[in-house]
Amino acid sequence: MTHPLLPTAPLGTDGPLVGVQGLGCMGMSEFYGPTDSDEALATLDAALAAGVTLFDTADMYGAGRNEEFIGPFVRANRDKVVLATKFAIERDPADPTKRAIRNDPEYIRTAVEGSLRRLGVDVIDLYYMHRRNPDVPLAESVGAMAELVQAGKVRHLGLSEVTGAELREAHAVHPIAAVQSEWSVFARDVERSAVPAAAELGVAFVPYSPLGRGFLTGAFQDAATLAADDFRRTHPRYTGENAVANGELLTPMRKIAEAHEATLAQVALAWVHQRAEVHGLTVVPIPGTRKRSRLAENTAAATLRLSAEELALLETLAGQVAGDRYADMRNTSVGRE
């Protein structure tokens, strides 16, 4: 199944209009093994041609290299692209595996200048706080982000991996256009508080990893078989006995895919897209890919409709998944609920 152009939806009450599926660019620079830069660049162009307008990066992806990589594409299509990037995860140059979560105003002011420089743009359309450090008052962090809007360096604000209570607190300081958190047929903890709060406040939801980092597509069965530097090897649900058990949960998805002459990826994405109707809010998933063929497959899912009976078959899967989303859940929203 194919579809030539994506429908659109607004990011938040006063946010920009975007294609209902965005593109996560993280894997073009790091985390998922070797990449073909030429194919990745071609994928960016193909995405725009398909109606994808929300392009997502972060200053920590490739330690800044991802922003530098997509910068020329963004600048060449500046009037068509809605650019999203993030701050908060500080990496140690001496040890790339080490992370620190920085939400202090001084860091935020420094981080945005670095992103603007690497991207080569004057303004960021959507600026996310990538992770929450509860030791820093949220009002201070969002206040500093609001100053960036007032200064014309950022157009809209976003948060990632926050609870419903944190979203409400932040939104009271400055309007939040979007919340980005993991949400898929295998990962539904955001429905506890973040999704209801977003629906109540008119905030868009931007699910990352809607394909379970490739596991929901059947692309791999055990992350232990992936490249040695592939970070999915550190995720509990994708290795060993957990991977075997979770692989069995794909059976109903395969049956649905066969009935629609679709792929597993398209069924997984269709489920995410239909959360918009279930919960009454804008949902713009950002599956990541470095290949044009996968891009075409993913965008086609935006118009795939699953029946009530099919959705019911998938309803209980998340509750049966073995293993956490991360080895350390402390920096996720569920870790603070």
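Helices and strands are here DSSP runs, with helices of at least four residues and strands of at least two, numbered from the N terminus. The structure under description is a predicted model, and within it S209 lies in the loop between strand 11 and helix 7. Although S209 is not a glycine, its phi is positive, at about 50°. The residue S209 is buried, since its relative accessible area is 13% and burial is assigned under 20%.

A second residue with a positive phi is A63, which is likewise a residue other than glycine and has a phi near 55°. A63 is placed in the loop between strand 4 (54-56) and helix 2 (65-76). At a relative accessibility of 55%, A63 counts as exposed, whereas S209 is buried.

By the ring-pair rule, the count comes to seven aromatic pairs. One of them is formed by F220 and Y238, an edge-to-face pair with 6.0 Å from centre to centre and 80° between the planes. Because F220 and Y238 both lie in the loop between strand 11 (204-208) and helix 7 (240-248), the pair ties together parts that are 18 residues apart in sequence.

Two packed helices are described by the angle between their axes and the distance between the axes. For helix 5 (residues 164-173) and helix 6 (residues 194-201), the angle is about 30° and the axes are 7 Å apart. Helix 5 is therefore roughly parallel to helix 6, as angles under 35 degrees are counted in that class. In this contact, G164, L167, R168 and H171 of helix 5 meet A194, A197, A198, E200 and L201 of helix 6. Sorted by class, the contact of helix 5 with helix 6 comprises five nonpolar, two polar and two charged residues.

The axes of helix 8 (residues 251-260) and helix 9 (residues 264-273) come within 8 Å and cross at roughly 100°. Helix 8 is thus roughly perpendicular to helix 9, given that this class spans angles of 65 to 115 degrees. On the side of helix 8, the residues in contact are M253, R254, I256 and A257, and these meet L264, V267 and A268 in helix 9. The contact of helix 8 with helix 9 has six nonpolar residues and one charged residue, with no polar residues.

Among the strands, strand 8 (residues 124-129) contains I124. The residue I124 is buried, with a relative accessible area of 0%. When residues up to four places away in sequence are not counted, I124 touches L83, T85, V112, S115, L116, K153, V154 and R155. The residue P93 stands 31 residues from I124 along the chain, and the C-alpha atoms of I124 and P93 are separated by 25 Å.

Methods. Residues numbered from 1 in each chain as written. Predicted model: local features only at pLDDT ≥ 70, side-chain atom pairs only at ≥ 80, totals over all residues. Heavy atoms only, no water. Axes fitted to C-alpha atoms, helices over the stretch in contact; angles between N-to-C directions. Parallel < 35°, antiparallel > 145°, perpendicular 65-115°, else oblique. Contact = heavy atoms within 4.5 Å. Nonpolar A, V, L, I, M, F, W, Y, C, P; charged D, E, K, R; others polar. Phe/Tyr/Trp six-rings, centres within 6.5 Å; stacked < 30°, edge-to-face > 60°. Buried < 20%, exposed > 50% of the residue type's maximum accessible area, 1.4 Å probe, protein only.
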